[in-house]
Amino acid sequence: LRCHHEQRDCEEVHLCLGVRGVRRQHPDEYAVRVLDTIMGSGMSSRLFQELREQRGLAYSVGAYPRFFQDTGAWVVYGSFEAAKAHEALAALIEQLQRIRDQQVEPTEFAEAKQFIKGSVLLGLESTSSYAMMLGERMLLTGTMPTPAEIGAKIDRPCSFQPPFKSSLPPPWNPRDPAARHPPRGRTRPEA
């Protein structure tokens with residue numbers, strides 16, 4: 001685990017937590033997309049509902065995956081009032097631990113899959129978006145999947161380990177002296 005922290009006199013804190021994900025065309029690519037939808041895509045996601053709506057800790061919060069030819073990443077981000085940053089980070093990590101440790105309900109899976117399929121279909125209503133999707137897929141994977149093929153991959157049964165399953169630290173207490181930030185502008189590896 002690496003941490004980079006810059007101390008500044010400001011009223012708003014921006015945070016990104018990234019973990020290694022999966023590469024493009026990995027068998028779990030669409031499972032990661034489902035995880036991303038559950039956790040951080042849109043106003044019904046867990047992060048948005050918990051950190052922004054219920055606790056009022058975030059100006060914005062969400063997540064996004066990145067798929068490359070040989071690797072991938074899954075990133076959680078947020079912006080918070082500086083005075084609430086420690087509480088917000090603890091709540092964010094609590095949600096990551098929840099998805100790591102607890103089974104996702106079948107209805108939540110089904111809703112996430114429907115959201116993704118709906119987003120794909122809405123994206124295809126614009127000819128330029130459809131052309132971009134096909135061009136990107138052909139360029140990067142050599143395939144041009146149909147919407148039905150994408151839907152079938154999304155509907156595949158999901159039984160996956162979140163990409164951060166093994167890299168998430170134990171419960172974090174922001175008031176613990178061991179959780180102090182590294183010196184300004186330095187990166188410090190942690191166990």
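**Close-up views of a predicted model**

**View 1. Helix H1 has the span its residue count calls for.** The expected span here is 1.5 Å times one less than the number of residues. Helices (H or I, at least four residues) and strands (E, at least two) are DSSP runs, numbered from the N terminus. This is a predicted model, so local features need pLDDT of at least 70 and side-chain atom pairs count only at pLDDT 80 or more, while totals for chains, interfaces and linings use all residues. Residues are numbered from 1 along each chain as its sequence is written, and side-chain values use heavy atoms, with hydrogens and water left out.

**View 2. H1 is mostly covered.** Eleven of its twelve residues are buried (under 20% relative accessible area; exposed is over 50%, partly exposed in between, with a 1.4 Å probe and protein chains only). Among the buried ones are Glu29, Tyr30, Asp36, Met39 and Gly40. After H1 comes Gly42, with a positive phi near 95 degrees.

**View 3. Three strands make an open, antiparallel sheet in the order E2-E4-E3.** E2 and E3 stand at the edges with a single partner strand each, so one side of each has no neighbour in the sheet. From one strand to the next, the twist averages 15 degrees. H1 packs on this sheet, touching E3 and E4, and its direction makes about 180 degrees with that of E3. H2 packs on the sheet too, touching E3 and E4, at about 160 degrees to the direction of E3. Contact means heavy atoms within 4.5 Å; axes are lines fitted to C-alpha atoms, for helices over the stretch in contact, and angles run from 0 to 180 degrees between N-to-C directions.

**View 4. Strand E4 pairs with E2 and with E3.** Nine bridges join E2 (residues 12–20) to E4, and the two run antiparallel; Gly18 stands opposite Val75 in E4. E3 and E4 are also antiparallel, over nine bridges, with Gly62 facing Tyr77 and Ser60 facing Ser79. (Two strands pair if DSSP finds at least two bridges between them.) A hairpin of four residues links E3 to E4. Seven of the ten residues of E4 are buried, so the strand is largely enclosed by the rest of the structure.

**View 5. Leu51, Trp74 and Leu92 touch the most other members of the largest nonpolar core, which has 35 residues.** Such a core is a set of buried Ala, Val, Leu, Ile, Met, Phe, Trp, Tyr and Cys residues joined through side-chain atoms within 4.5 Å. Elements that each supply at least two residues include H1, helix H2 (46–54), strand E3 (58–67), strand E4 (72–81) and helix H3 (85–101). H3 gives the largest share, seven residues. Beyond neighbours within four places in sequence, Leu92 is in contact with Leu15, Leu17, Leu47, Leu51, Val61, Val76 and Phe80.

**View 6. Gln95 lies in helix H3.** Its relative accessible area is 3%, so Gln95 counts as buried. Not counting residues up to four places away in sequence, Gln95 touches Met39, Arg46, Leu47, Glu50 and Leu51.

**View 7. Nine salt bridges turn up in a search of the whole structure.** Side chains of opposite charge can pair when their charged atoms come close. The cut-off is a side-chain nitrogen of Lys or Arg within 4 Å of a carboxyl oxygen of Asp or Glu. Glu50 bridges to Arg55, with the closest N and O atoms 2.6 Å apart; Glu50 is buried at 15% relative accessibility, whereas Arg55 is partly exposed at 32%. Arg52 and Glu53 meet at 3.8 Å, N to O, and here Arg52 is partly exposed at 34% and Glu53 is partly exposed at 46%. Asp101 and Arg100 form a salt bridge at 2.7 Å, N to O. Asp101 is exposed at 52%, but Arg100 is buried at 16%. Glu29, Arg33 and Arg137 are tied together in a network of salt bridges.
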